[in-house]
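Have a look at the model first, and then read on.

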Amino acid sequence: MQGMRPGADQGGAGAEVNARPEPRPGEVDTIGARSLGFAPEEYLARISAVRGRMRDQGLSALIVTDPANIYYLTGYNAWSFYTPQLLFVPASGPLTLFMRDMDARGASHTSWLPPEDIVGYPERYVQRPHIHPFDWVAFALRQRWEVARASTSPVGVEMDSHFFSPRAFRALVNGVPEWRLVDSFELVNWIRAIKSPAEIALMRRAAEVTTEAMDAALSTIGEGVGQHEVAAAITAAQTRGRGESWGDYPAIVPLMPTGESADTPHLSWTDREFAADESVSIELAGVHRRYHVPLARTAVIGRPKQELVRLEGVVAEALAAVLESAAPGVPTAELARTWNRMLALHGLEKPSRLGYSIGIGYPPDWGERTISIRTEDDQILQAGMTFHLICGMWMNGYGYELSESILITDSGVETFTDFPRELIRL
């Protein structure tokens, strides 16, 4: 962590790294190692699974830039992802986390990695037009003797990571010309799709925060109340949580499409005041230790429009049918087909996907970017998978949202929250 800065004085660093045994979670005496979110054995199993899939894909090493995946493998958690950071995972040997020098100490506070495997790049590389931090990282990898070891086979890169820019890729291509960089195709994300009992326990905690946040929203909304006031109440509840289930920050801010604007998703808030007899779709998430449980409900102040009442019944019936059919061994496409059939009986359709895999989340998204519930997806459901089923019906001039976060169990499905699946009259 002192910053293994490339240079003549580091000539023996690579031999040192290559010779020493691979560090194990729980065996390092740092603040982070003493307060891990999971048992050391769980981190070891995650790394083993990643390396197994690396072998299956013929990769000699993996470059991880998604903050959710870095957190999953090391426990590192801080708001540092807006500057380039990289976890280097070789086929064997120590993992190395590269980040901005000022953030390196934070990794010793939250991750299990030893200080010698947390490497800070100099401040002069931050947000400069003619150089990039990964220029420095590429040479640091060379100094640590990682380049030659990983040159025998392709090196995987998270090409679709939100925080891996074209300039970052170009810096690695230019800095390590020996490597053939290939798309890892969300390698770590797919391993994350099946949750361990410890992860599910955290999601149950997150669900308690979700319930508090939705209760706060519904108790604040009213005629003449500004959207921003509701957002403030939600945010306070998301942070406060419930009891020991304290709230972490969400990957997505509270969303509140209102009135005629409810015909489209993903709108946040303004100072617009709620009016009588208009509806609002509320989508939010409770978060605990980065694990998300989203929830959406639609509320109306006063008398609902007849078209909303119609959607209320259809959507509830269709969602119930989907939940009834969800179980291990069932293709995700079958859930989508069940949903589509139920809508078609009432002359309706939903062009967008029905749901997606959830778990760890960092801005700008709480989805895992792997499994989608739609007819084109042939993934088979397995126990331990978790999804957000978003039954959003965005019509012309109005809309209705109802969602559930679910867990696939050994025998069927379980919802994380128990809010009534109906239009909420305020």
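This is a predicted model: local features need pLDDT of at least 70, side-chain atom pairs count only at pLDDT 80 or more; totals for chains, interfaces and linings use all residues.

How much space lies in the largest cavity? The volume comes to about 100 Å³. With a cut-off of 30 Å³ or more, the count is one cavity. Its lining is made up of 16 residues, and those nearest the centre are Asp66, His162, Tyr362, Asp365 and Arg369. If you sort the lining by class, you find six nonpolar, five polar and five charged residues.

Which elements supply at least two residues each to that lining? They are helix H4 (67-74), helix H9 (187-192), strand S9 (355-362) and strand S10 (365-373). Of these, S10 gives the most, with four residues.

While you are looking at S9 and S10, follow the chain through the loop between them, where Pro364 is found. A cis peptide bond joins Pro363 and Pro364, with omega at about 15°. Another backbone detail can be found at Gln127, which has a positive phi of about 50° although it is not a glycine. Gln127 belongs to the loop between strand S4 (118-121) and helix H6 (133-143).

Next comes the largest pocket, an open space this time. About 240 Å³ of space lies in it. The pocket is lined by 13 residues, and closest to its centre are His266, Arg353, Tyr356, Ile390 and Trp394. Two elements give two or more residues to this lining, namely S10 and strand S11 (386-394).

Now step back to the annotated regions. An unreviewed UniProt entry lists "domain: Creatinase N-terminal" at residues 46-194. In the model, that span is 40% helix and 16% strand, and its end C-alpha atoms lie 11 Å apart. The unreviewed entry in UniProt also places "domain: Peptidase M24" at residues 202-410. Here the span is 32% helix and 27% strand, with 19 Å between the end C-alpha atoms.

Finally, take in the whole chain, which has 13 helices and 14 strands. The protein chain is as compact as a globular protein of its length, because its radius of gyration is 23 Å, close to the 22 Å that the globule rule gives for 426 residues. Taken along the principal axes, the C-alpha atoms fill a box of roughly 75 × 45 × 40 Å.

How confident is the predictor in this picture? The average pLDDT of the protein chain is 94, and 96% of the residues score at least 70. Residues 1-11 have a pLDDT below 50, and this stretch has 25 contacts in the model beyond near neighbours in sequence.

Technical notes:
Residues are numbered from 1 along each chain as its sequence is written. Side-chain values use heavy atoms; hydrogens and water are left out. On a 1 Å grid over the protein atoms alone, a cavity is a set of points where a 1.4 Å probe fits but cannot get out, and a pocket is an open set with protein on both sides within 12 Å along at least five of seven lines; lining residues have an atom within 4 Å of a point. Grid points are joined across faces, edges and corners, and a volume is the space filled by probe spheres set on the points. Ala, Val, Leu, Ile, Met, Phe, Trp, Tyr, Cys and Pro count as nonpolar, Asp, Glu, Lys and Arg as charged, and the others, Gly among them, as polar. pLDDT is the predictor's confidence in each residue, from 0 to 100. Contact means heavy atoms within 4.5 Å. UniProt positions are given in the numbering used here, feature names are shortened, and annotations may be inferred rather than shown by experiment. The radius of gyration is taken over C-alpha atoms; the globule rule is 2.2 Å times the number of residues to the power 0.38.
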